[in-house]
Amino acid sequence: IKAAKRPEGNNVARRNTKARNRKPTSASAVAGGTRSTSSSSGGGTCTAKVIHSYEPQHEGDMALTKGNMVDVTQQHKSGWWYGSSAGRTGRFPSTYVQVQVQVVDNA
């Protein structure tokens, strides 16, 4: 940590404010717990609650409505997950959901 002088002459430690002002970048950051880091080939499945509504930006994206539940079928390291909710299927950003139940696939 570097010390910076204020005009008054007081030494003040500089802090990284970028980290405090960022939105969470993973479902675990939002949930405060752990998250599966399954590869793009799938892995386990889970149920997640939508914590932020999401409008599709690209073909294949799935709309999310805050409060709905999503059955997650694939968890990609990129942060884009695949699943189904309210009769729809598609991909969505993992930071918009909070994992509720993790099912481990031991196959």
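The following exercises, with worked solutions, concern a predicted model.

**Exercise 1.** Determine which residue forms a salt bridge with Asp-61, and where the two partners lie in the chain.

*Solution.* 
Step 1. The structure holds one salt bridge.
Step 2. Asp-61 forms this contact with Arg-91, and the closest N and O atoms are 2.7 Å apart. A salt bridge requires such atoms to lie within 4 Å, so the pair qualifies.
Step 3. Asp-61 belongs to the loop between strand S3 (45-50) and strand S4 (69-75), whereas Arg-91 belongs to strand S6 (residues 88-93). The partners are 30 residues apart, and the pair thus links distant parts of the chain.

**Exercise 2.** Classify Asp-61 and Arg-91 as buried, partly exposed or exposed.

*Solution.* 
Step 1. The relative accessible area of Asp-61 is 10%. Buried means under 20%, so Asp-61 is buried.
Step 2. For Arg-91 the value is 21%.

**Exercise 3.** Describe how strand S5 is joined to S4 and to S6.

*Solution.* 
Step 1. S4 and S5 pair in the antiparallel sense over four bridges. Asp-71 stands opposite Ser-84 in S5.
Step 2. These two strands form a hairpin with four residues between them, and Gly-79 in the turn has a positive phi of about 100°.
Step 3. S5 and S6 also run antiparallel, joined by six bridges. Trp-80 has Pro-93 in S6 as its bridge partner.
Step 4. Two residues lie between the strands in the hairpin of S5 and S6, where Ala-86 takes a positive phi near 50°.

Technical notes. Residues numbered from 1 in each chain as written. Predicted model: local features only at pLDDT ≥ 70, side-chain atom pairs only at ≥ 80, totals over all residues. Heavy atoms only, no water. Salt bridge = Lys/Arg side-chain N within 4 Å of Asp/Glu carboxyl O. Buried < 20%, exposed > 50% of the residue type's maximum accessible area, 1.4 Å probe, protein only. Pairing = 2+ DSSP bridges.
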